[in-house]
Amino acid sequence: MAGGHARPARARRELGLGASYDRSQTQRYELERTSPDTLRATVTSQGRQRDAASARGLEGRQDQRLERTQTADFNITQPEGRAAYQDFLRTGQLPSQNGPGVSNVGTTDGLEQNRSGRVMGREVATSERRTNLTGDGDGNQTVRQTDRNVAGSTQATDLRLNPDGTGQGDTRINDSVRATTTTRPGQPAETHYDLTFTDPNAARIARGAFSGDDAAMNDGSPYSVRLNESQARELLGRTLGPDMAGGQRPMDQAFRALSQRGQETFATSLFNATQSPDGSRRPFASTPAPTPTPAATQPQFEPAPSIS
């Protein structure tokens with residue numbers, strides 16, 4: 001039997017197998033008097049988990065950190081505020097909503113995930129994701145997520161959810177492409193894509209891709225164009241292949257693949273896709289962006305007379 005137990009250990013050594021795991025968790029309570037009438041309580045919970053595995057020169061590591069911060073203000077001059085504060089002292093739990101004697105209720109959840117892979121000591125893959133979820137006592141929520149991959153490119157998503165069920169999500173795919181999704185109760189979500197070209201050569205080429213007027217390509221000033229979802233699918237289908245027109249690939253991923261090699265290469269790919277074998281061009285369709293509402297003019301007043 002002793003020999004039987006030794007065989008798995010010997011096999012692990014011969015294969016170079018190894019594994020590790022570590023987990024920790026802490027919680028912190030803070031009280032702060034923000035005014036003669038108000039006490040602010042903050043509860044912070046932190047957790048961390050790290051694990052790794054290796055075999056014959058292959059190594060994978062993962063590090064996850066989770067943090068939750070909850071806050072609430074208690075007006076101790078009001079009976080409801082004093083009662084809520086005493087309940088917090090007794091249970092350690094903060095209110096989840098604003099109410100009489102309780103204000104500025106908020107919760108922020110943060111998750112950071114780091115993963116890496118190595119082959120013979122050389123890093124071949126890394127990814128980092130950070131997610132923050134913030135909510136207030138009135139039912140509003142905000143989510144922000146940032147992803148970074150081994151090439152160093154970053155994609156950031158901001159999502160805002162309102163108590164009435166409406167919401168808006170903005171995804172910054174990269175410096176050239178931003179996607180915005182708007183949701184309303186009882187209606188399908190609407191998504192549009194904004195393409196931006198700040199490089200002068202890229203701006204000229206992009207203008208040619210979206211205009212049948214060749215003279216437009218003389219303008220090298222920054223250029224932006226908006227596409228609805230149907231127009232975006234057509235663009236991706238004509239540049240990346242017909243599979244995209246059928247929605248077989250996630251559109252954000254497709255736009256990243258199309259634009260990851262810089263603005264001029266991105267614009268050139270678009271322009272080339274508008275050219276037909278007979279020499280004619282079929283520009284891409286776009287949607288006019290809404291005109292920004294001008295800021296209200298502030299009234300001008302005469303200086304107040306001195307009372308000295």
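Predicted model: local features only at pLDDT ≥ 70, side-chain atom pairs only at ≥ 80, totals over all residues.
Me: What makes Gly-81, Ala-84, Tyr-85 and Phe-88 the residues of one face of helix 2?
Reply: These four are the buried residues of helix 2, buried being under 20% relative accessible area. Seen down the axis of helix 2, its buried residues fall within an arc of 100°, so they line one face. An α-helix has 3.6 residues a turn, so residues three or four places apart point the same way.

Me: Which residues are exposed on the other side of helix 2, and what covers its buried residues?
Reply: On that other side Pro-79 and Arg-90 are exposed, the cut-off being over 50%, while the cover over the buried residues includes strand 1 (18-35), strand 2 (38-55), strand 3 (58-75) and strand 4 (102-119).

Me: What makes a set of residues a nonpolar core, and how many residues has the largest one?
Reply: Such a core consists of buried nonpolar-type residues, Phe and Leu among them, joined through side-chain atoms within 4.5 Å; the largest has 28 residues, and those with the most contacts inside it include Leu-195, Phe-197 and Leu-270. Helix 3 gives the most to this core, with six residues. Apart from it lies another core, of eleven residues, among them Tyr-85 and Phe-88, both of which are also buried residues of helix 2.

Notes:
Residues numbered from 1 in each chain as written. Heavy atoms only, no water. Buried < 20%, exposed > 50% of the residue type's maximum accessible area, 1.4 Å probe, protein only. Helix = DSSP H or I, 4+ residues; strand = E, 2+ residues; numbered from the N terminus. Arc of directions from axis to C-beta. Contact = heavy atoms within 4.5 Å.
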